[in-house]
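Here is a brisk report on one structure. Keep the sequence and the model open while reading.

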Amino acid sequence: MGTQDLIIGGVRVAPGETTKIELDMPPLYTATSMSIPVYVKRGKRAGPTLFVSAAIHGDELNGIEIIARLIKSRAIDRLKGTLIAVPTVNVYGVLNQSRYLPDRRDLNRSFPGSRKGSLAGRLAHLFFNEVVSKCDVGIDLHTGAIHRSNLPQIRADLDDEEVLAMAQAFGVPVLLNADIRDGSLRATASEAGIKILLYEAGQALRYDEFSIRAGVKGIINTMRHLGMLNKSRAKGVPIKPYIARSSGWVRAPESGFINHLAQLGDHVEKGDKLATIADSYGQFLGTLTSPAEGVVIGKQNIPLTQEGEAIYHIAYFKTPDTVAEQVEMLQDNLVPNDSTVTI
């Protein structure tokens, strides 16, 4: 971006300026005005332009708090380049506590969208053209689906050397070389040459403090890697990330009530018992076992299941026991009295 002015939603932002912009969206049925909130902070010195987005799925709330803490952090005071932070992309979904838009479409399957298309297409087009297309790199914040939790992890095209370096700098133990899905923000951004990370952590409709702290610290780590912030003087045990080239879900063999035995971050061996299923009388019905050695990176939370339902998400590594140790180290690094304002 250099020293050129940046224009978003018709608002011009010069180097050295910080502003909040409202991108107009289609109104509600009641004619209530709607807008996407956009925070823009530009350093006086040249550097990359980074977007950080949250709540593309309206029930994924952790990212909203991550962005709130990020923009209040003193770490970004001496910024080089430009930070564009969008805490609620799918404002409709946030209002309705829903993953989807009012037209029942998934915004993250609607990119690049169209100015004259469906509601989802119009919102995707607005966000991509006014924000994403003006950036060099991006970090998109997500959580697990409803009633499912994800271990803090980065999903990205790790065969791209620049993306891999960003992912490693983020500082979480698990990096998943994830396939790109058609219509996703990540797919459209990648096609436009924008390097993007997807951060997955926590569960829908809940704040998870561990996931939030890891997210804030990870974004700041990545900004330091990109040269947008000065290198940290803070002492701490560095997190060594490990790449999973594959992962899979373990599904329930029976319908019933689950007793979870394995938890997020656990190292499991092939054949290890993950959970048991019983009927409403407590009668044993079946067992979920790990199909291979790996680390639990996602799990269902409620104790109810239908036959065939995905219960545990396991990532497969060559050294899963070491990955589990790095998860514990990350938890130790993010101690409760570690202020995110001074990261």
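## Phe257 and its surroundings

Start with Phe257. Setting aside neighbours within four places in sequence, Phe257 is in contact with Thr276, Ile277, Ala278, Asp279, Ser280, Pro303 and Leu304. The model is a predicted one. Phe257 and Ala278 sit 21 residues apart in sequence, yet their C-alpha atoms are 5.3 Å apart in space.

Phe257 belongs to strand E13. Is this residue buried, partly exposed or exposed? Phe257 has a relative accessibility of 42%, so it counts as partly exposed. The cut-offs behind that call are under 20% for buried and over 50% for exposed.

## The sheet around E13

Strand E13 covers residues 256-260, and strand E15 covers residues 273-278. The two pair in the antiparallel sense, over four bridges. Asn259 stands opposite Thr276 in E15.

E13 and E15 are part of an open sheet of four strands. Its order is E16-E15-E13-E18, and the pairing is antiparallel. Which strands form the edges? They are strand E16 (284-289) and strand E18 (304-305), each of which pairs on one side only. Strands of a sheet pair through backbone hydrogen bonds, either parallel or antiparallel.

## Strand E4 and its two partners

Strand E4 spans residues 34-42. It is mostly covered, with seven of its nine residues buried.

E4 pairs with strand E3 (residues 18-25) in the antiparallel sense, over eight bridges. In that pairing, Lys20 has Tyr39 of E4 as its bridge partner. E4 also pairs with strand E6 (residues 80-86), again in the antiparallel sense, over four bridges. Here the bridge partner of Arg42 is Thr82 in E6.

Glu17 lies in the loop between strand E2 (11-13) and E3. At 37% relative accessibility, Glu17 counts as partly exposed.

What does Glu17 contact, leaving aside neighbours within four places in sequence? The list is Arg12, Val40, Lys41 and Arg42. Glu17 and Gly43 are 26 residues apart along the chain, and 7.2 Å separates their C-alpha atoms.

## Helices H4 and H6

Two packed helices are described by the angle between their axes and the distance between the axes. Helix H4 is made of residues 161-170, and helix H6 of residues 209-225. Their axes come within 7 Å and cross at roughly 135°. That angle makes H4 oblique to H6. The crossing of H4 and H6 is right-handed.

Which residues meet? H4 brings Ala165, Met166, Ala169 and Phe170. H6 brings Ala214, Gly215, Lys217, Gly218, Ile219, Asn221, Thr222 and His225. Across the contact of H4 with H6, the residues divide into six nonpolar, five polar and one charged.

## Gln326 in helix H7

Gln326 is found in helix H7, which runs over residues 320-333. Is Gln326 buried or exposed? Its relative accessibility is 9%, so Gln326 counts as buried. The cut-off for buried is under 20%.

Leaving aside neighbours within four places in sequence, Gln326 is in contact with Pro173, Pro238, Ile239, Lys240 and Tyr242.

Conventions: Residues are numbered from 1 along each chain as its sequence is written. This is a predicted model: local features need pLDDT of at least 70, side-chain atom pairs count only at pLDDT 80 or more; totals for chains, interfaces and linings use all residues. Side-chain values use heavy atoms; hydrogens and water are left out. Axes are lines fitted to C-alpha atoms, for helices over the stretch in contact, and angles run from 0 to 180 degrees between N-to-C directions. Angles under 35 degrees count as roughly parallel, over 145 as roughly antiparallel, 65 to 115 as roughly perpendicular and the rest as oblique. A crossing is left-handed if the near helix is turned anticlockwise from the far one by less than a right angle, and right-handed if clockwise. Contact means heavy atoms within 4.5 Å. Ala, Val, Leu, Ile, Met, Phe, Trp, Tyr, Cys and Pro count as nonpolar, Asp, Glu, Lys and Arg as charged, and the others, Gly among them, as polar. Two strands pair if DSSP finds at least two bridges between them. Buried means under 20% relative accessible area, exposed over 50%, partly exposed in between (1.4 Å probe, protein chains only).
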